[in-house]
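The following exercises are to be worked through with the sequence and the model at hand. Each task is followed by a solution in steps.

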Amino acid sequence: MAKIGVEQSLAQVQQALREKGHDVVELKQESDAQNCDCCVVTGLDSNVMGMQDTFTKGSVIDANGLSADEVCQQVESRLQ
């Protein structure tokens, strides 16, 4: 399955994605996002400094306000 990067604080999302068979990588630093098909972030520190550097070619999903199941649906729809 796909390699998904997920922020550390999103433990329920990590578990739900693993149950669906995805390879989940915790995003602790920028380099962790490399080679990920998709990344899931909390959005809490989104663009704090106004910088727009990208470290992954995959989609980035803001999990703010979404349940773990909703995030899984977003991930699967973007991987198709």
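**Exercise 1.** Leaving aside its neighbours within four places in sequence, which residues is T42 in contact with?

*Solution.* The model is a predicted one.
Step 1. Locate T42: the residue lies in the loop between β3 and β4 (59-62).
Step 2. With the neighbours within four places in sequence left aside, the contacts of T42 are E7, S9, L10, D62 and N64.
Step 3. Examine the side chains: those of T42 and E7 are joined by a polar contact of 3.0 Å.
Step 4. Check the accessibility. The relative accessible area of T42 is 11%, so T42 counts as buried, the limit being under 20%.

**Exercise 2.** Determine which buried residues α1 has and how they are placed around its axis.

*Solution.* 
Step 1. List the buried residues of α1: V13, Q14, A16 and L17.
Step 2. Consider their directions. These residues lie on the same side of α1, because the arc they cover around the axis is only 165°.
Step 3. Turn to the face away from the buried side, where the exposed residues Q12 and E19 are found.
Step 4. Identify the packing partners: the buried residues of α1 pack against β1, β2 (23-27), β3 and α2.
Step 5. Look past the helix. α1 is followed by G21, which has a positive phi, near 95°.

**Exercise 3.** Describe the largest nonpolar core and state which elements each supply at least two of its residues.

*Solution.* 
Step 1. The largest nonpolar core has 16 residues, and those with the most contacts inside it are I4, V6, V13, L17, V40 and V75.
Step 2. At least two residues of this core come from each of β1 (3-7), α1 (11-19), β3 (38-41) and α2 (68-79).
Step 3. The largest share, four residues, is that of α2.
Step 4. With neighbours within four places in sequence left aside, L17 is in contact with I4, V6, H22, V24, C72 and V75.

How values were computed. Residues are numbered from 1 along each chain as its sequence is written. This is a predicted model: local features need pLDDT of at least 70, side-chain atom pairs count only at pLDDT 80 or more; totals for chains, interfaces and linings use all residues. Side-chain values use heavy atoms; hydrogens and water are left out. A nonpolar core is a set of buried Ala, Val, Leu, Ile, Met, Phe, Trp, Tyr and Cys residues joined through side-chain atoms within 4.5 Å. Buried means under 20% relative accessible area, exposed over 50%, partly exposed in between (1.4 Å probe, protein chains only). Contact means heavy atoms within 4.5 Å. A polar contact is a pair of N or O atoms within 3.5 Å; within protein, one must be able to donate a hydrogen and the other to accept it, and residues adjacent in sequence count only if both atoms are side-chain atoms. The arc is that of the directions from the helix axis to the C-beta atoms.
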